Amino acid sequence: MSNFSNTFSSTLGKKLIMCLTGLFLCSFLIVHLTGNLSLFKNDEGLAFNQYAHFMTNFTPIKVVSYLLYSSIIIHSVFALFITIQNKKARPVAYAQKSGNGSIWSSRNMGVLGTILLLFIVSHMSSFWYEYHWGETPYVKYETDLNTGKTITTEISASDYIEYVSYVNNGIEITKSKNLYKEVATEFKEWYLVAFYVLAMLAMSFHLVHGFQSAFQTLGWDHSKYKPLINFIGVWVFSILIPIGFAAMPLYFFFK
Amino acid sequence: MNLTLKVWRQKNRKASGKFVTYKTDDVSPDMSFLEMLDVVNEGLVKKQEEPIQFDHDCREGICGSCALMINGQPHGPKKATTTCQLHMRSFNTGDTIVIEPWRSVAFPVVKDLAVDRSSLDRIQHAGGYVSVGTGGVPDANEIAIPKVIADEAFNSATCIQCGACVAACKNASAMLFVSAKVSQYALLPQGQTERYERAQAMVLQMDEEGFGGCTNTYQCEAECPKEIKVTNIARMNREYFNAEFLQDKKAHV
């Protein structure tokens, strides 16, 4: 009866696209938060910079990252299409309309999503773009493997050829781009910190509806698993993860 | 009871409507909402004015004809109640009540508060039926159906096609209605023959009528006078995706 393009142009097919890209973005949040926890390590950014290098150079991760960028774009573009279609479905608005039975988030996913998109653009231009093509400073870590002490020195662009990590005479030397310093500097700006905290609040509200909604769209509403899905949606995705992310700018601001 | 009514008046499909305010002071709390409108209409007729047009039929809460948006809620403030079963005791004297027609591009206003809901009929025609043999009368209980399945199918089948789900949805989506109709057949053995084609055909027709998409706000479930559950929507999604992605439509030769 139909091919894939027909399937995905139906209202149910579009829902499925939103659901799958949304869940993929959710899974990314877990990875992103776990990795970024290294920001809290008191090592002048050694662990974080190593992690940043790994994430941008390991081929499988690179492949997944392109999937991720396209998911962000597809999720946003489809949201726009769906919103336009849904607005068309009711040309004359009600004079009075109750929200009975629904939560505020579910009725304002578009607004919350727009805040998140602005955040992602700003976030990626601050760090992702700067790290790849911008002027990120360079750093050299010399760790004495016997004492465990690390000496950190900033190095100039001429001293940095590429990322290296080797052991020489019992001293581990790592030369890398210093994204950690970039993060620490950026998060001294109060307006940026405020914007990040606001965006995480928006993410919390977006996911309190979005996560469980994705499973409803998939048709996975089995009474055995539904309580677990709701629990994870609320506690992990709209409380724990946003708090974890919001703690990062606040940590550097007050450090 | 003294009431101020703000009623949507619209001459015909093409005319642009507006709210007209009526004051009424001879409303009994024992009247149903429709009887209250009857009283207002009698007054209008006596004054040689055009009465307010609204849909109604059985007035017993089973036909699904009455369809009024009352203070922003389909069928008014009472849970699991159609407009005809809503009584004026649910309101207080001195209240202002805003009465609007269902708003959807697929429900054009015929006049005042009456809308054309034949789009829902066309969705039913697309797949809301089963093929049965017309032979002799079969024995009762010939087909064994587990109780839980029978109950679930019956719950879905209690949909009276009033359109409150569309009216309640912020996207004017008809998915609660369509999913209830898909479910009642998908669950039962008698509905298996057209099971997957049904889901596809009804969803296709729903989209053609211009209904919006579901964003899982679940307002439809809260406002449905027959308490149809959004579980039906999840089931419809399963049926549809199963039909689109997993069912092989050609015999292997």
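**Domains of chain B**

I began with the domain assignment of chain B, which gives domain 1 (3–110) and domain 2 (118–246); such bounds come from an automatic or database domain assignment. The model is predicted: local features need pLDDT of at least 70 and side-chain atom pairs count only at pLDDT 80 or more, while totals for chains, interfaces and linings use all residues. Residues are numbered from 1 along each chain as its sequence is written, with chains lettered from A and ligands numbered from 1 in the order in which they are written.

I found the C-alpha centres of domain 1 and domain 2 of chain B to lie 29 Å apart. I then looked up the contact, in which 18 residues of domain 1 of chain B meet 16 residues of domain 2 of chain B (contact: C-beta atoms, placed from the backbone, within 7 Å). The domain 1 side of that contact has 10 nonpolar, seven polar and one charged residues. In this classification Ala, Val, Leu, Ile, Met, Phe, Trp, Tyr, Cys and Pro count as nonpolar, Asp, Glu, Lys and Arg as charged, and the others, Gly among them, as polar.

**Strand β5 of chain B**

I followed the partners of β5(B) next. Strand β1 (residues 3–9) of chain B pairs with β5(B) in the parallel sense over four bridges, and L5(B) stands opposite I97(B). Strand β3 (residues 69–70) of chain B is joined to β5(B) by two bridges and runs antiparallel to it; here M69(B) stands opposite E100(B). Strands (E, at least two residues) and helices (H or I, at least four) are DSSP runs numbered from the N terminus, and two strands pair if DSSP finds at least two bridges between them.

**Contact between the chains**

I recorded 38 residues from chain B and 35 residues from chain A in the contact. On the chain B side, β5 (96–100), α6 (195–208), α7 (219–223) and α8 (231–246) each give two or more residues. The largest share, eight residues, comes from α8(B). The chain B side divides into 13 nonpolar, 15 polar and 10 charged residues.

**Domains and sheet of chain A**

I noted that chain A is divided into domain 1 (4–93 + 101–137 + 178–254) and domain 2 (138–177), whose C-alpha centres lie 33 Å apart. Their contact involves 12 residues of domain 1 of chain A and 10 residues of domain 2 of chain A. On the domain 1 side, α3 (46–57) and α7 (179–186) of chain A each supply at least two residues, and α3(A) gives the most, with four.

I traced an open sheet of four strands in chain A, in the order β2-β1-β4-β3 with antiparallel pairing. β2 (150–155) and β3 (164–168) of chain A are at the edges with a single partner strand each, so one side of each has no neighbour in the sheet. The twist averages 15 degrees from one strand to the next. Strand β1 (residues 138–144) of chain A is joined to β2(A) by six bridges, and E142(A) stands opposite I151(A). α3(A) packs on the sheet, touching β1, β2 and β4 (171–177) of chain A, and its direction makes about 60 degrees with that of β4(A).

**Helices α2 and α4 of chain A**

Axes are lines fitted to C-alpha atoms, for helices over the stretch in contact, and angles run from 0 to 180 degrees between N-to-C directions. The contact residues include F24(A) and F28(A) of α2(A) and F78(A) and F81(A) of α4(A). By class I noted 12 nonpolar, four polar and one charged residues in this contact.

Methods:
Two residues are in contact if their C-beta atoms, placed from the backbone, lie within 7 Å.
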